[in-house]
Amino acid sequence: MNLTHRQLASLLLGCALAFPAAAAAQIGATDSRVVDRVAAVVGDSAILLTQVQERILQLGASGVPIPQDPAGLASLQSEVLISLVNEQLLIQAAVQDSMIVVDEEELDDMVQQEWGSRTAEFPGGQPAMIEALAEDGFTPASYREFLKAQLRMQRLQSQLIQRRSQSSRNITVSEEEVQEFFDQQQGQLPERPATVSFEQAIFQPIPSEEAKDSALALVQRILEMYRTGEEEFEDLARRFSDDPGSQRTGGDLGWFRRGGFVQEFEEAAYELLPGQISQPVETVYGYHLILVERIRGPERKARHILVAFDIGPEDLAASQQLAAATRTQVEGGLTLEAATEGIGPALALYDSATVATDQLANFPPAIGNALRVAVPGAVIGPVNAGGRPEAPSLAVVRVTAVREAGEATLEDLRDQIEARILQEKVLDEILSELRERIYVSVKI
(Lines give C-alpha, C1' and ligand atoms only; values in the text may rest on other atoms or scores of the structure.)
Protein backbone atom coordinates (compact mmCIF):
# COMPACT_ATOMS: atom_id res chain seq x y z
CA MET A 1 0.00 0.00 0.00
CA ASN A 2 3.00 2.27 0.55
CA LEU A 3 1.35 4.56 3.10
CA THR A 4 3.67 7.03 4.83
CA HIS A 5 3.90 7.12 8.61
CA ARG A 6 1.91 10.36 8.69
CA GLN A 7 -0.82 8.98 6.43
CA LEU A 8 -1.09 5.85 8.56
CA ALA A 9 -1.01 7.82 11.80
CA SER A 10 -3.79 10.11 10.61
CA LEU A 11 -5.88 7.21 9.34
CA LEU A 12 -5.37 5.11 12.44
CA LEU A 13 -6.22 7.88 14.89
CA GLY A 14 -9.41 8.66 12.98
CA CYS A 15 -10.29 4.97 12.84
CA ALA A 16 -9.63 4.47 16.53
CA LEU A 17 -11.88 7.37 17.43
CA ALA A 18 -14.65 6.38 15.05
CA PHE A 19 -14.63 2.58 15.11
CA PRO A 20 -13.16 1.34 18.42
CA ALA A 21 -16.07 -0.88 19.33
CA ALA A 22 -16.36 -2.60 15.96
CA ALA A 23 -12.63 -3.25 15.83
CA ALA A 24 -12.53 -4.55 19.39
CA ALA A 25 -15.38 -6.93 18.64
CA GLN A 26 -13.63 -8.32 15.57
CA ILE A 27 -10.39 -8.77 17.46
CA GLY A 28 -12.24 -10.56 20.22
CA ALA A 29 -13.62 -12.98 17.64
CA THR A 30 -10.14 -13.93 16.47
CA ASP A 31 -8.38 -14.14 19.83
CA SER A 32 -9.33 -17.80 20.23
CA ARG A 33 -7.41 -18.69 17.08
CA VAL A 34 -4.36 -16.39 17.45
CA VAL A 35 -1.56 -16.95 19.94
CA ASP A 36 -0.54 -13.43 20.87
CA ARG A 37 3.14 -12.54 20.77
CA VAL A 38 5.41 -9.54 20.85
CA ALA A 39 5.70 -7.86 17.46
CA ALA A 40 8.19 -5.18 18.52
CA VAL A 41 9.87 -3.69 21.58
CA VAL A 42 10.27 0.07 21.89
CA GLY A 43 12.18 1.23 24.93
CA ASP A 44 10.35 -0.29 27.89
CA SER A 45 7.11 -0.95 25.96
CA ALA A 46 6.00 -3.90 23.84
CA ILE A 47 3.78 -3.81 20.78
CA LEU A 48 1.72 -6.99 20.47
CA LEU A 49 0.68 -8.77 17.30
CA THR A 50 -2.97 -8.30 18.25
CA GLN A 51 -2.40 -4.53 18.36
CA VAL A 52 -1.17 -4.65 14.77
CA GLN A 53 -4.17 -6.76 13.75
CA GLU A 54 -6.55 -4.43 15.56
CA ARG A 55 -5.17 -1.43 13.68
CA ILE A 56 -5.57 -3.25 10.36
CA LEU A 57 -9.19 -4.02 11.23
CA GLN A 58 -9.73 -0.37 12.08
CA LEU A 59 -8.33 0.62 8.69
CA GLY A 60 -10.71 -1.79 7.01
CA ALA A 61 -13.66 -0.48 9.03
CA SER A 62 -12.85 3.05 7.83
CA GLY A 63 -12.98 2.02 4.18
CA VAL A 64 -9.29 1.42 3.41
CA PRO A 65 -9.03 -1.66 1.14
CA ILE A 66 -7.25 -4.53 2.90
CA PRO A 67 -5.21 -6.88 0.67
CA GLN A 68 -6.45 -10.47 0.63
CA ASP A 69 -3.32 -12.10 -0.76
CA PRO A 70 -0.68 -13.23 1.77
CA ALA A 71 2.08 -11.04 0.33
CA GLY A 72 -0.06 -7.89 0.30
CA LEU A 73 -1.37 -8.52 3.79
CA ALA A 74 2.17 -9.11 5.10
CA SER A 75 3.30 -5.84 3.50
CA LEU A 76 0.45 -3.90 5.12
CA GLN A 77 1.17 -5.58 8.47
CA SER A 78 4.78 -4.43 8.21
CA GLU A 79 3.75 -0.85 7.37
CA VAL A 80 1.30 -0.72 10.27
CA LEU A 81 3.91 -2.11 12.67
CA ILE A 82 6.45 0.52 11.59
CA SER A 83 3.81 3.19 12.14
CA LEU A 84 3.06 1.86 15.64
CA VAL A 85 6.78 1.77 16.47
CA ASN A 86 7.19 5.37 15.32
CA GLU A 87 4.12 6.38 17.30
CA GLN A 88 5.52 4.80 20.44
CA LEU A 89 8.89 6.51 19.91
CA LEU A 90 7.19 9.90 19.71
CA ILE A 91 5.03 9.24 22.76
CA GLN A 92 7.96 8.10 24.91
CA ALA A 93 10.03 11.13 23.87
CA ALA A 94 7.12 13.48 24.56
CA VAL A 95 6.51 11.97 28.01
CA GLN A 96 10.19 12.50 28.88
CA ASP A 97 10.12 16.14 27.73
CA SER A 98 9.33 18.29 30.76
CA MET A 99 8.26 21.17 28.51
CA ILE A 100 5.39 19.14 27.05
CA VAL A 101 2.28 19.19 29.22
CA VAL A 102 -1.16 17.96 28.23
CA ASP A 103 -3.88 20.03 29.85
CA GLU A 104 -6.45 17.73 31.45
CA GLU A 105 -9.27 20.27 31.14
CA GLU A 106 -8.40 20.72 27.46
CA LEU A 107 -8.62 16.95 26.98
CA ASP A 108 -11.99 16.87 28.72
CA ASP A 109 -13.23 19.61 26.36
CA MET A 110 -11.95 17.67 23.33
CA VAL A 111 -13.61 14.46 24.55
CA GLN A 112 -16.90 16.30 25.02
CA GLN A 113 -16.67 17.72 21.48
CA GLU A 114 -15.80 14.29 20.06
CA TRP A 115 -18.66 12.65 21.95
CA GLY A 116 -21.05 15.29 20.66
CA SER A 117 -19.96 14.91 17.04
CA ARG A 118 -20.15 11.09 17.21
CA THR A 119 -23.61 11.29 18.76
CA ALA A 120 -24.79 13.70 16.05
CA GLU A 121 -23.50 11.39 13.29
CA PHE A 122 -24.91 8.19 14.82
CA PRO A 123 -28.29 7.05 13.38
CA GLY A 124 -30.80 7.21 16.20
CA GLY A 125 -28.81 9.67 18.27
CA GLN A 126 -27.31 9.15 21.73
CA PRO A 127 -29.61 6.33 22.96
CA ALA A 128 -28.82 4.22 19.90
CA MET A 129 -25.10 4.99 20.20
CA ILE A 130 -25.03 3.98 23.87
CA GLU A 131 -26.82 0.76 22.99
CA ALA A 132 -24.31 -0.02 20.22
CA LEU A 133 -21.38 0.68 22.53
CA ALA A 134 -22.85 -1.63 25.18
CA GLU A 135 -23.04 -4.45 22.66
CA ASP A 136 -19.28 -4.13 22.20
CA GLY A 137 -18.47 -3.88 25.89
CA PHE A 138 -18.30 -0.11 26.33
CA THR A 139 -20.17 2.06 28.79
CA PRO A 140 -20.41 5.81 28.06
CA ALA A 141 -17.79 6.39 30.78
CA SER A 142 -15.34 3.77 29.49
CA TYR A 143 -15.74 5.00 25.92
CA ARG A 144 -14.97 8.55 27.05
CA GLU A 145 -11.83 7.27 28.79
CA PHE A 146 -10.88 5.47 25.56
CA LEU A 147 -11.32 8.71 23.60
CA LYS A 148 -9.30 10.62 26.18
CA ALA A 149 -6.40 8.18 25.94
CA GLN A 150 -6.37 8.39 22.14
CA LEU A 151 -6.53 12.18 22.17
CA ARG A 152 -3.79 12.34 24.81
CA MET A 153 -1.46 10.41 22.49
CA GLN A 154 -2.34 12.74 19.63
CA ARG A 155 -1.58 15.84 21.73
CA LEU A 156 1.73 14.43 22.99
CA GLN A 157 2.90 13.66 19.46
CA SER A 158 1.75 16.95 17.96
CA GLN A 159 3.39 19.03 20.73
CA LEU A 160 6.68 17.16 20.31
CA ILE A 161 6.65 17.69 16.54
CA GLN A 162 5.74 21.35 16.98
CA ARG A 163 8.58 21.94 19.45
CA ARG A 164 11.09 20.24 17.20
CA SER A 165 9.82 22.09 14.12
CA GLN A 166 10.71 25.38 15.77
CA SER A 167 14.33 24.27 16.19
CA SER A 168 14.70 22.66 12.74
CA ARG A 169 15.24 25.88 10.81
CA ASN A 170 17.92 24.29 8.60
CA ILE A 171 15.40 22.02 6.86
CA THR A 172 14.37 23.34 3.46
CA VAL A 173 12.09 22.21 0.66
CA SER A 174 13.35 22.45 -2.92
CA GLU A 175 11.34 23.27 -6.03
CA GLU A 176 12.23 19.81 -7.38
CA GLU A 177 10.69 18.14 -4.30
CA VAL A 178 7.50 20.17 -4.65
CA GLN A 179 7.20 19.30 -8.34
CA GLU A 180 7.89 15.61 -7.70
CA PHE A 181 5.25 15.43 -4.97
CA PHE A 182 2.72 17.16 -7.21
CA ASP A 183 3.44 14.83 -10.14
CA GLN A 184 3.18 11.69 -8.00
CA GLN A 185 0.02 12.73 -6.14
CA GLN A 186 -1.78 14.70 -8.84
CA GLY A 187 -4.50 12.12 -9.33
CA GLN A 188 -5.25 12.05 -5.60
CA LEU A 189 -5.07 15.79 -4.89
CA PRO A 190 -8.33 17.66 -4.15
CA GLU A 191 -10.08 19.63 -6.87
CA ARG A 192 -9.75 23.38 -6.72
CA PRO A 193 -13.04 24.81 -5.40
CA ALA A 194 -14.90 27.67 -7.03
CA THR A 195 -13.80 30.92 -5.39
CA VAL A 196 -14.61 34.61 -5.35
CA SER A 197 -12.05 37.31 -4.46
CA PHE A 198 -13.18 40.67 -3.14
CA GLU A 199 -12.42 43.66 -0.95
CA GLN A 200 -14.96 44.96 1.53
CA ALA A 201 -15.54 47.90 3.82
CA ILE A 202 -17.86 47.72 6.83
CA PHE A 203 -19.30 50.99 8.11
CA GLN A 204 -20.53 51.41 11.68
CA PRO A 205 -22.97 54.15 12.80
CA ILE A 206 -21.21 56.63 15.10
CA PRO A 207 -23.08 57.31 18.35
CA SER A 208 -23.48 60.71 19.94
CA GLU A 209 -21.49 61.72 23.02
CA GLU A 210 -24.68 61.53 25.07
CA ALA A 211 -25.20 57.92 23.96
CA LYS A 212 -21.61 57.06 24.92
CA ASP A 213 -21.97 58.63 28.36
CA SER A 214 -25.20 56.73 28.99
CA ALA A 215 -23.62 53.39 28.00
CA LEU A 216 -20.56 54.04 30.17
CA ALA A 217 -22.71 54.83 33.21
CA LEU A 218 -24.63 51.58 32.80
CA VAL A 219 -21.55 49.39 32.30
CA GLN A 220 -19.92 50.90 35.40
CA ARG A 221 -23.04 50.09 37.42
CA ILE A 222 -22.94 46.48 36.14
CA LEU A 223 -19.28 46.23 37.12
CA GLU A 224 -20.06 47.44 40.63
CA MET A 225 -22.90 44.89 40.94
CA TYR A 226 -20.48 42.11 40.04
CA ARG A 227 -17.72 43.26 42.38
CA THR A 228 -20.06 43.58 45.37
CA GLY A 229 -21.41 40.08 44.72
CA GLU A 230 -24.92 41.29 44.01
CA GLU A 231 -25.17 38.96 40.97
CA GLU A 232 -23.00 36.43 39.14
CA PHE A 233 -21.40 37.50 35.88
CA GLU A 234 -23.47 35.03 33.84
CA ASP A 235 -26.70 36.39 35.32
CA LEU A 236 -25.65 39.98 34.66
CA ALA A 237 -24.85 39.06 31.04
CA ARG A 238 -28.27 37.47 30.53
CA ARG A 239 -29.92 40.52 32.06
CA PHE A 240 -27.95 43.38 30.50
CA SER A 241 -25.80 42.27 27.53
CA ASP A 242 -26.69 43.55 24.07
CA ASP A 243 -24.63 40.85 22.30
CA PRO A 244 -27.22 38.54 20.70
CA GLY A 245 -24.63 35.83 20.10
CA SER A 246 -23.69 35.32 23.75
CA GLN A 247 -26.40 36.94 25.86
CA ARG A 248 -28.43 33.74 26.33
CA THR A 249 -25.37 31.74 27.37
CA GLY A 250 -24.32 34.20 30.05
CA GLY A 251 -21.82 36.02 27.85
CA ASP A 252 -19.86 32.86 27.02
CA LEU A 253 -17.40 33.38 24.13
CA GLY A 254 -15.78 29.94 24.38
CA TRP A 255 -12.11 29.53 23.46
CA PHE A 256 -10.58 32.07 21.10
CA ARG A 257 -7.24 33.30 19.77
CA ARG A 258 -6.02 36.67 18.59
CA GLY A 259 -7.49 37.74 15.30
CA GLY A 260 -11.14 36.98 15.93
CA PHE A 261 -12.18 40.19 17.70
CA VAL A 262 -11.51 43.90 17.34
CA GLN A 263 -8.12 45.09 18.56
CA GLU A 264 -9.29 46.94 21.68
CA PHE A 265 -11.20 43.90 22.91
CA GLU A 266 -8.30 41.50 22.37
CA GLU A 267 -5.71 43.76 23.98
CA ALA A 268 -7.83 43.99 27.13
CA ALA A 269 -8.60 40.24 27.19
CA TYR A 270 -4.96 39.23 26.85
CA GLU A 271 -3.88 41.46 29.74
CA LEU A 272 -6.14 39.58 32.18
CA LEU A 273 -5.30 36.54 34.30
CA PRO A 274 -7.84 33.77 34.97
CA GLY A 275 -10.62 35.08 37.21
CA GLN A 276 -9.90 38.75 36.49
CA ILE A 277 -12.42 41.19 35.06
CA SER A 278 -11.61 44.17 32.89
CA GLN A 279 -12.46 47.82 33.29
CA PRO A 280 -15.01 49.01 30.70
CA VAL A 281 -13.48 48.52 27.23
CA GLU A 282 -14.70 50.78 24.43
CA THR A 283 -15.01 49.41 20.90
CA VAL A 284 -17.08 50.47 17.90
CA TYR A 285 -19.87 48.26 19.28
CA GLY A 286 -20.15 49.80 22.75
CA TYR A 287 -18.62 49.18 26.17
CA HIS A 288 -17.54 45.67 27.19
CA LEU A 289 -16.79 43.96 30.48
CA ILE A 290 -14.52 40.96 29.93
CA LEU A 291 -14.09 38.10 32.41
CA VAL A 292 -11.27 35.67 31.53
CA GLU A 293 -11.99 32.22 32.92
CA ARG A 294 -9.10 30.11 31.62
CA ILE A 295 -5.85 30.44 29.67
CA ARG A 296 -4.41 27.72 27.42
CA GLY A 297 -1.23 28.84 25.69
CA PRO A 298 -2.26 31.43 23.08
CA GLU A 299 -5.97 30.79 23.72
CA ARG A 300 -8.37 32.44 26.12
CA LYS A 301 -11.76 31.31 27.43
CA ALA A 302 -13.84 34.28 28.43
CA ARG A 303 -17.26 35.80 28.96
CA HIS A 304 -18.29 39.36 28.22
CA ILE A 305 -21.10 41.82 28.65
CA LEU A 306 -21.75 44.38 25.90
CA VAL A 307 -23.60 47.60 26.59
CA ALA A 308 -24.21 48.89 23.10
CA PHE A 309 -24.47 52.55 22.17
CA ASP A 310 -27.95 53.85 21.42
CA ILE A 311 -27.99 54.80 17.75
CA GLY A 312 -30.40 57.49 16.64
CA PRO A 313 -32.01 57.99 13.19
CA GLU A 314 -29.54 60.76 12.35
CA ASP A 315 -26.60 58.43 13.14
CA LEU A 316 -27.98 55.75 10.81
CA ALA A 317 -28.56 58.32 8.06
CA ALA A 318 -24.98 59.55 8.30
CA SER A 319 -23.64 56.00 8.04
CA GLN A 320 -25.84 55.31 5.00
CA GLN A 321 -24.65 58.48 3.27
CA LEU A 322 -20.98 57.66 3.90
CA ALA A 323 -21.35 54.13 2.55
CA ALA A 324 -23.22 55.37 -0.53
CA ALA A 325 -20.57 58.00 -1.22
CA THR A 326 -17.88 55.35 -0.96
CA ARG A 327 -19.67 53.18 -3.49
CA THR A 328 -19.88 56.12 -5.89
CA GLN A 329 -16.12 56.65 -5.64
CA VAL A 330 -15.44 52.95 -6.31
CA GLU A 331 -17.76 52.98 -9.33
CA GLY A 332 -15.77 55.96 -10.53
CA GLY A 333 -12.59 53.89 -10.68
CA LEU A 334 -11.04 53.97 -7.19
CA THR A 335 -10.16 50.80 -5.35
CA LEU A 336 -12.17 50.32 -2.19
CA GLU A 337 -9.00 50.61 -0.13
CA ALA A 338 -8.24 54.02 -1.65
CA ALA A 339 -11.84 55.19 -1.29
CA THR A 340 -11.89 54.41 2.44
CA GLU A 341 -8.47 55.82 3.30
CA GLY A 342 -8.66 58.25 6.21
CA ILE A 343 -12.38 57.80 6.94
CA GLY A 344 -11.84 57.27 10.68
CA PRO A 345 -14.04 55.60 13.32
CA ALA A 346 -17.02 55.13 11.00
CA LEU A 347 -14.98 52.52 9.08
CA ALA A 348 -15.24 49.47 11.33
CA LEU A 349 -13.35 47.16 8.97
CA TYR A 350 -11.54 47.06 5.65
CA ASP A 351 -10.14 43.79 4.34
CA SER A 352 -9.75 41.64 1.25
CA ALA A 353 -10.17 37.90 0.88
CA THR A 354 -10.57 34.93 -1.41
CA VAL A 355 -13.36 32.60 -0.31
CA ALA A 356 -14.70 29.30 -1.62
CA THR A 357 -18.23 29.90 -2.85
CA ASP A 358 -19.57 27.05 -0.71
CA GLN A 359 -18.46 29.08 2.34
CA LEU A 360 -20.57 32.10 1.41
CA ALA A 361 -23.45 30.69 3.47
CA ASN A 362 -21.43 31.78 6.54
CA PHE A 363 -21.62 35.43 5.44
CA PRO A 364 -24.47 37.82 6.21
CA PRO A 365 -27.20 36.89 3.68
CA ALA A 366 -27.15 40.17 1.78
CA ILE A 367 -23.40 39.85 1.16
CA GLY A 368 -23.22 36.09 0.58
CA ASN A 369 -26.13 36.00 -1.86
CA ALA A 370 -24.72 38.90 -3.89
CA LEU A 371 -21.21 37.41 -4.05
CA ARG A 372 -22.58 34.07 -5.19
CA VAL A 373 -23.73 35.57 -8.53
CA ALA A 374 -21.26 38.46 -8.84
CA VAL A 375 -18.87 39.05 -11.75
CA PRO A 376 -15.40 40.64 -11.60
CA GLY A 377 -15.62 44.39 -11.15
CA ALA A 378 -19.09 44.32 -9.61
CA VAL A 379 -19.71 46.73 -6.73
CA ILE A 380 -22.18 45.58 -4.08
CA GLY A 381 -23.87 47.74 -1.46
CA PRO A 382 -24.47 49.41 0.74
CA VAL A 383 -26.07 46.24 2.17
CA ASN A 384 -26.82 45.03 5.69
CA ALA A 385 -23.70 43.45 7.18
CA GLY A 386 -25.29 42.30 10.44
CA GLY A 387 -25.19 43.72 13.93
CA ARG A 388 -28.13 44.83 16.00
CA PRO A 389 -31.33 45.28 13.97
CA GLU A 390 -31.73 48.82 15.31
CA ALA A 391 -28.12 49.74 14.44
CA PRO A 392 -26.96 47.58 11.50
CA SER A 393 -23.52 47.78 9.96
CA LEU A 394 -23.35 48.49 6.24
CA ALA A 395 -21.04 46.84 3.71
CA VAL A 396 -19.67 48.00 0.39
CA VAL A 397 -17.96 45.19 -1.55
CA ARG A 398 -15.91 45.21 -4.77
CA VAL A 399 -15.42 41.87 -6.54
CA THR A 400 -11.88 41.49 -7.90
CA ALA A 401 -11.97 37.96 -9.35
CA VAL A 402 -14.22 34.93 -9.83
CA ARG A 403 -12.77 31.49 -10.46
CA GLU A 404 -14.63 28.34 -11.42
CA ALA A 405 -13.95 24.96 -9.82
CA GLY A 406 -11.46 22.78 -11.65
CA GLU A 407 -8.33 20.70 -11.48
CA ALA A 408 -5.88 22.15 -8.98
CA THR A 409 -2.60 23.46 -10.37
CA LEU A 410 0.78 23.37 -8.71
CA GLU A 411 0.46 27.05 -7.82
CA ASP A 412 -2.91 26.43 -6.17
CA LEU A 413 -1.39 23.83 -3.86
CA ARG A 414 2.21 25.01 -3.52
CA ASP A 415 1.90 26.24 0.08
CA GLN A 416 0.14 23.07 1.25
CA ILE A 417 2.63 20.82 -0.53
CA GLU A 418 5.63 22.67 0.91
CA ALA A 419 4.14 22.45 4.41
CA ARG A 420 3.46 18.74 3.96
CA ILE A 421 6.99 17.96 2.77
CA LEU A 422 8.53 20.08 5.52
CA GLN A 423 6.47 18.27 8.14
CA GLU A 424 7.55 14.89 6.77
CA LYS A 425 11.20 15.95 6.88
CA VAL A 426 10.94 17.19 10.45
CA LEU A 427 9.25 13.94 11.45
CA ASP A 428 11.95 11.87 9.74
CA GLU A 429 14.63 13.84 11.56
CA ILE A 430 12.93 13.35 14.91
CA LEU A 431 12.42 9.61 14.39
CA SER A 432 16.02 9.12 13.21
CA GLU A 433 17.31 10.79 16.37
CA LEU A 434 14.95 8.83 18.63
CA ARG A 435 15.96 5.50 17.10
CA GLU A 436 19.57 6.26 18.04
CA ARG A 437 18.77 6.70 21.74
CA ILE A 438 15.67 4.52 22.31
CA TYR A 439 15.97 0.75 21.96
CA VAL A 440 13.87 -0.69 19.12
CA SER A 441 13.60 -4.36 18.20
CA VAL A 442 11.15 -5.61 15.57
CA LYS A 443 10.30 -9.29 16.11
CA ILE A 444 8.25 -10.09 13.00
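Guide: Let's start with helix H3 (residues 49–61) and helix H4 (residues 70–96), which pack at an angle of about 110° with their axes 10 Å apart. That makes H3 roughly perpendicular to H4 (65 to 115 degrees counts as roughly perpendicular, under 35 as roughly parallel, over 145 as roughly antiparallel, and the rest as oblique). Keep in mind that this is a predicted model, where local features need pLDDT of at least 70 and side-chain atom pairs pLDDT 80 or more, while totals for chains, interfaces and linings use all residues. Residues are numbered from 1 along each chain as its sequence is written, and side-chain values use heavy atoms, with hydrogens and water left out.

Helices (H or I, at least four residues) and strands (E, at least two) are DSSP runs, numbered from the N terminus. Axes are lines fitted to C-alpha atoms, for helices over the stretch in contact, and angles run from 0 to 180 degrees between N-to-C directions.

On the H3 side, the contact (heavy atoms within 4.5 Å) uses Leu49, Gln51, Val52, Arg55, Ile56 and Leu59. H4 answers with Leu76, Gln77, Val80, Leu81, Leu84 and Glu87. By class, the H3–H4 contact has eight nonpolar, two polar and two charged residues; here Ala, Val, Leu, Ile, Met, Phe, Trp, Tyr, Cys and Pro count as nonpolar, Asp, Glu, Lys and Arg as charged, and the others, Gly among them, as polar.

Next pair: helix H8 (residues 175–185) and helix H15 (residues 410–437) meet at about 105°, their axes 9 Å apart. H8 and H15 are therefore roughly perpendicular too. Among the residues in this contact are Phe181 and Phe182 of H8, and Ile417 and Ile421 of H15. The H8–H15 contact splits into seven nonpolar, one polar and six charged residues.

Now the sheets. One is open, with four strands in the order S8-S3-S10-S9 and antiparallel pairing (two strands pair if DSSP finds at least two bridges between them). Strand S8 (347–356) and strand S9 (379–384) each have a single partner strand, so one side of each is left without a neighbour in the sheet. On average, neighbouring strands here are turned by 20° against each other, direction ignored. Nine bridges join S3 (residues 195–203) to S10 (residues 394–403), and serine 197 sits opposite alanine 401 in S10. Helix H12 (residues 313–331) packs on this sheet, touching S3, S9 and S10, with its direction at about 170° to that of S9.

A further open sheet of four strands runs S4-S7-S6-S5, again with antiparallel pairing. At its edges are strand S4 (252–256) and strand S5 (281–283), each pairing on one side only. Neighbouring strands of this sheet are turned by 40° on average, direction ignored. Strand S6 (residues 286–296) and S7 share ten bridges, and leucine 289 has isoleucine 305 in S7 as its bridge partner. Helix H9 (residues 209–227) lies across S5, S6 and S7, at about 40° to S6. Helix H10 (residues 233–240) also packs on the sheet, touching S6 and S7, and makes about 40° with S7.
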